[in-house]
Amino acid sequence: MKAGIKIALLVFLIGFTTSLFSQDFWEQLYFPDSVNIKCLATNNQGHIFVGVGSSNESDGIYRSIDNAQTWEFVYNNNDFAVLSMDIDENGYIYVGKNGYNRLIVSKTNGQSWEDISLPPSSVGNVMEILCIGQDTIYVSTWEVEGSFILFSFDGAETWDYRYVTDRPNEYISDIELSSTGEVFVSTSGYFWDQGGVYRSDDAGLSWEYAGLLNHQVLTLAINSNDDIFTGDWWVINNDTSGIYALYDGLNAFDLLLGAYHVTDIAIDLNDNIYAAANDGVVYSFDNGLTFNHIEGDLSANIEFLHIASDGHLYGTRFNRIVKSIDPITGVGASYTNGITSKAYPNPASFYLYIEIPEPRPSTIYELHIYDMFGKIVYENKACLNANPFYIDVSLLTAGYYLVEIRQNDKIYKSSFVKS
């Protein structure tokens, strides 16, 4: 418990909340400076696999089994880039690349690799891979005839395939699966009437347009409520480039954040959103209603994001790998499910006032304050018979915090920045 943090009772005015990560969110990991990172994946043991391309040395796959202290070159692809990677529940590592034998797999944690033959209709580079469970694999390849997807339900033994669109040189940039089994893909291209989002409710056999035509969508993510979040590299029409959402049950995408070069979106187990955008990393703890930047030089120019099974967030750009100092999955554990309360002023230096909607007088409240990594920095019980009340936060370090108040079967949430 933080000494000196006190709860008092006082009536005050309602404020507005903002948020800000502290400067020490990331740590930089060692990685060879002569190669260019194209993709990254981690397994359940915490081993890191990195695909590289367009490098000064041979392209291929690097592996670290000691948290990036050392790296081993486990697959040599010569002058051909490794473009995509995913790891299934068996621990099998599927890798897509250009050149010959465009899809390979390692069932030995990278020690040895096997070629996977794709149907003759596919001849292009493997752009994206999605593994589901132990046997299901979706693969997109860049074909001249249009957006092309292949899928296997028996661990890559047999394949079926479809063209999602027939627009030349348009390709599938990302693939995701909803909790109800719908497959969503984002598409990107270079010409008018290209780009957008498509869905399939029969595992990929047929496809229908979902929205964002003329948006060159590079990334797609789905949260636990089956809300769809997308990121634009750019747009061809007069729409605003940025992060969009198709909320479950609605028919149209909403603009959440005007942004350029949105290259990746990652959503953690608490449905918190992280996106590489505007030459940095932004995040949202309220399902896309508001976004803020993760501050610090290490957030600059991040292109690819990955959340590991241990909850750490990775970011890559060129030959640079950064990793969140602490797991992110503890952030806002109850925040996404509670009833919003009001906290002010924000930022707060000394006192934070909290107003609870429709309080029950003279009821025991349990109060917790979490830091941005989900660690409890303060907890207390109090019988509050006035609303709002205030908290002395003067001894907290600067940064972003969540406040959770439990009252019998209800959870109230708010957030604030300590300046």
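In this predicted model, the count of disulfides comes to zero. A disulfide is a covalent bond between the sulfur atoms of two cysteines.

| Residue | Relative accessible area | Class |
|---|---|---|
| Cys39 | 4% | buried |
| Cys131 | 12% | buried |
| Ser34 | 17% | buried |

Because buried means under 20% relative accessible area, Ser34 with its 17% still falls into that class.

The next topic is a sheet. Four strands, in the order β3-β4-β5-β6, make up an open sheet whose pairing is antiparallel. Since β3 (37–42) and β6 (72–76) each have a single partner strand, they stand at the edges, and one side of each is left without a neighbour in the sheet. On average, and with direction ignored, neighbouring strands of this sheet are turned by 25° against each other. Strands of a sheet pair through backbone hydrogen bonds, either parallel or antiparallel. Here β3 and β4 (residues 48–52) run antiparallel and are joined by five bridges, and Ile37 has Val52 in β4 as its bridge partner.

Ser34 itself lies in the loop between β2 (26–29) and β3. Which residues is Ser34 in contact with, leaving aside its neighbours within four places in sequence? They are Ser55, Asn56, Glu57 and Asn319. With Glu57, the side chain of Ser34 also makes a polar contact of 2.7 Å, which joins it to the side chain of that residue.

Notes. Residues numbered from 1 in each chain as written. Predicted model: local features only at pLDDT ≥ 70, side-chain atom pairs only at ≥ 80, totals over all residues. Heavy atoms only, no water. Pairing = 2+ DSSP bridges. Helix = DSSP H or I, 4+ residues; strand = E, 2+ residues; numbered from the N terminus. Axes fitted to C-alpha atoms, helices over the stretch in contact; angles between N-to-C directions. Buried < 20%, exposed > 50% of the residue type's maximum accessible area, 1.4 Å probe, protein only. Polar contact = N/O pair within 3.5 Å; in protein donor to acceptor, adjacent residues only side chain to side chain. Contact = heavy atoms within 4.5 Å. Disulfide = S-S within 2.5 Å.
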